[in-house]
Amino acid sequence: MTEESGPGMKVILMDKETTSIVSMVYSQTEILQKEVYLFERIDNPSKFDNLKHMKCIVFLRPTSENIALLSRELRCPKYGVYFIYFSNVISKADIKTLAECDEQEAVREVQEVFADYLAVDRHLFSFNIVGCLHGRSWNQNHLQRVSQGLLALVMSLKKRAVVRYEASSEPCARLAERVRDLLRRETVLIDNSIPFNGDVPTPILLILDRRDDPVTPLLNQWTYQAMVHELLGISNNRVSLAHVPDVHKDFKEVVLSSEQDEFYAKNLYSNFGEIGQTIKSLMEEFQRKAKSHQKVESIADMKNFVETYPLFKKMSGTVTKHVTVVGELSALVGRHHLLEVSELEQEIACQSDHAKHLQRLKALIGKESVREWDAAKLVALYALRYEKHAGNALPALLDALRARARARAAGGASEECVRAPVLALEWGGAHARKTDLFGLQDAVKITKRLFKGLNGVENIYTQHTPLLKDTIEDLIKGKLRENLYPTLGGDETNGRRPQDIIVFIVGGVTYEESLCVHQINQANPGVKVVLGGTTIHNSSSFMEEIKSAMQGVHRTHTRHIRNV
């Protein structure tokens, strides 16, 4: 965009969503280097009246509200010239409206750039939508937003995708149909933009339902990126540390972006133990460089200091940022006994031992140092794992949660924690899942679990594997059953194994699943998998997703559980 507008001072005019889209991939420093000196929002007009010496780069979603606001801007243009870019397909009628408003002929260019999604990583995208469904029905605004975003993704990847979806999920079917209709409507655009190549298997867009795996978002995480999101929360690559005692004002909010932070990019998937060692090495390297900067005795030393100071300053910021983040993670792990909590979470998710799990769960609920939310998550995992077990003790565990809250004289938040396991069971229990989540029926999964039990596990805190891994591997091998995951409009792959796969999960994805996709891409050269979801969940946002879907919906599968 900035190159096409040529040299000179520029302002960039965006809306709320495109501001987030740009901030995910470019730092403010990088944008300033492109001669962009002013950032404006279309819905929040500038106080400046006349800036005719500046070129205006407009980057907006093609919504009716944005078209109306841009039309108003073009009737009385504040800037010299306008280069307009839309993040998705814009209708001819809207182009005509803008042309009629551009009486001063200030617009130099109008383009569609197809960047209508948040690019979180090279293989991960999101729409930042929590609460996309009510019951099993789409919020219509969210359905439109997601379907348009998936169209833009397919166009930006320059792929002619076929759509497969989870047959048992009504929301997946609705979204698949909407995306197919949009792709058909834009046939001419696709034909002109994406050349047909019969030698390459047609890429697949596979649409899945979060309800098939309600376990993964409930687990504590132990890789750096996932752990930060679970314990501190990542929002558009930003992490708030304002609550950390004595934190420097420059680090009350930090940016964690794999594109802009080399240390973070290298350690996204390092586990908690490895991160501690890596931080120690980083500190030692920084101390060595700090000592070398103290010796400024000659002109050559001064010259060297001036040349290396920006890198030294950057390294200083990186060290302080990550030491602060890892220090807070470590404090939370110790304070709330998260290693003990996580060990039981993993055992419930991966093994079946009702008596042992129930005994340990009751003991943890009784521990003061264990957070209410962690106790509620453990009860939710128990409810999902042992839903059909003859000795199911869910009502007794809910009573234990309630008694714990009373003993602490806690209020409404505690009642939310008591309701959480029941809502999780109503939303994602056995009645809602068509897959063998816990590997109780599939002979291959039972055998794998048996061998894992005999051999032991490499790391008790990361023994869980998301269901998504099996689904993607079946798709790559051509074993994903057509009756369970039908292709809309018929199979155009001619039985060939796909090389490009886009997986989208209605109800959100997790960073554990992102790691899983990263590992699949590394293990399968020639196959490229991109993962996306309505949002990227930690356990708290996942519970918000469930509460939003269940609001006003009568419980039918858990109505036998009283006083909730």
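This is a predicted model: local features need pLDDT of at least 70, side-chain atom pairs count only at pLDDT 80 or more; totals for chains, interfaces and linings use all residues.
Which residue is the bridge partner of K10 in strand 2? The partner is V36. Residues are numbered from 1 along each chain as its sequence is written, and side-chain values use heavy atoms, with hydrogens and water left out.

First, the overall picture. The protein has 20 helices and 17 strands. Helices (H or I, at least four residues) and strands (E, at least two) are DSSP runs, numbered from the N terminus. Of the 564 residues, 50% are buried. Buried means under 20% relative accessible area, exposed means over 50%, and partly exposed is in between, with a 1.4 Å probe and protein chains only. Residues 24 or more positions apart account for 80% of them.

Back to strand 1, residues 10-14. Strand 1 pairs with strand 2 (residues 36-41) in the parallel sense, over five bridges. Strand 1 also pairs with strand 3 (residues 51-60), again parallel and over five bridges. Two strands count as paired if DSSP finds at least two bridges between them. I12 has I57 as its bridge partner in strand 3. In a regular strand the side chains alternate between the two faces of the sheet. Here both faces are covered: K10, I12 and M14 are buried on one side, V11 and L13 on the other. Five of the five residues are buried, so strand 1 is largely enclosed by the rest of the structure.

E35 sits in the loop between helix 2 (28-32) and strand 2. Its phi is near 70 degrees, a positive value in a residue other than glycine. E35 is partly exposed, with a relative accessible area of 29%. N236 also has a positive phi, of about 50 degrees, although N236 is not a glycine. N236 lies in the loop between helix 8 (224-231) and strand 12 (238-240). At 18% relative accessibility, N236 counts as buried.

Two further loop residues are buried. K78 is found between helix 3 and strand 4 (79-86). Its relative accessible area is 14%, which makes K78 buried. Leaving out residues up to four places away in sequence, K78 touches S46, F48, D49, N50, L51, K52 and E73. L488 lies in the loop between helix 18 and strand 14 (500-506). L488 is buried at a relative accessible area of 15%. Beyond its neighbours within four places in sequence, L488 is in contact with V163, Y165, A176, E177 and R180. L488 and E177 are 311 residues apart in sequence, yet 7.6 Å apart in space, C-alpha to C-alpha.

Now a helix. Helix 13 has 12 residues, 354-365, and should span 16 Å at 1.5 Å a residue; its end C-alpha atoms are 16 Å apart, which agrees. The expected span is 1.5 Å times one less than the number of residues. Which residues of helix 13 are buried? They are H354, H357, L358, L361, L364 and I365. These cover an arc of only 130 degrees around the axis, which puts them on the same side of helix 13. The arc is that of the directions from the helix axis to the C-beta atoms. On the other side, A355 and Q359 are exposed. The cover over the buried residues includes helix 12 (338-350), helix 14 (372-385) and helix 15 (394-407).

A search of the whole structure finds three cavities of 30 Å³ or more. On a 1 Å grid over the protein atoms alone, a cavity is a set of points where a 1.4 Å probe fits but cannot get out; a pocket is an open set with protein on both sides within 12 Å along at least five of seven lines; lining residues have an atom within 4 Å of a point. Grid points are joined across faces, edges and corners, and a volume is the space filled by probe spheres set on the points.

The largest cavity has a volume of about 110 Å³. It is lined by 13 residues, of which L208, D209, D212, D213 and L467 are the closest to its centre. Strand 11 (204-209) and helix 18 (467-477) each supply at least two residues of this lining. Helix 18 gives the most, with three residues.

The second largest pocket holds about 950 Å³ of space. Its lining has 37 residues, and E17, R61, T63, R145 and Q148 lie nearest its centre. Helix 1 (16-23), helix 3 (64-75), helix 5 (140-156) and helix 6 (170-185) are the elements that give two or more residues to that lining. Helix 5 gives the most, with seven residues.

Technical notes. Contact means heavy atoms within 4.5 Å.
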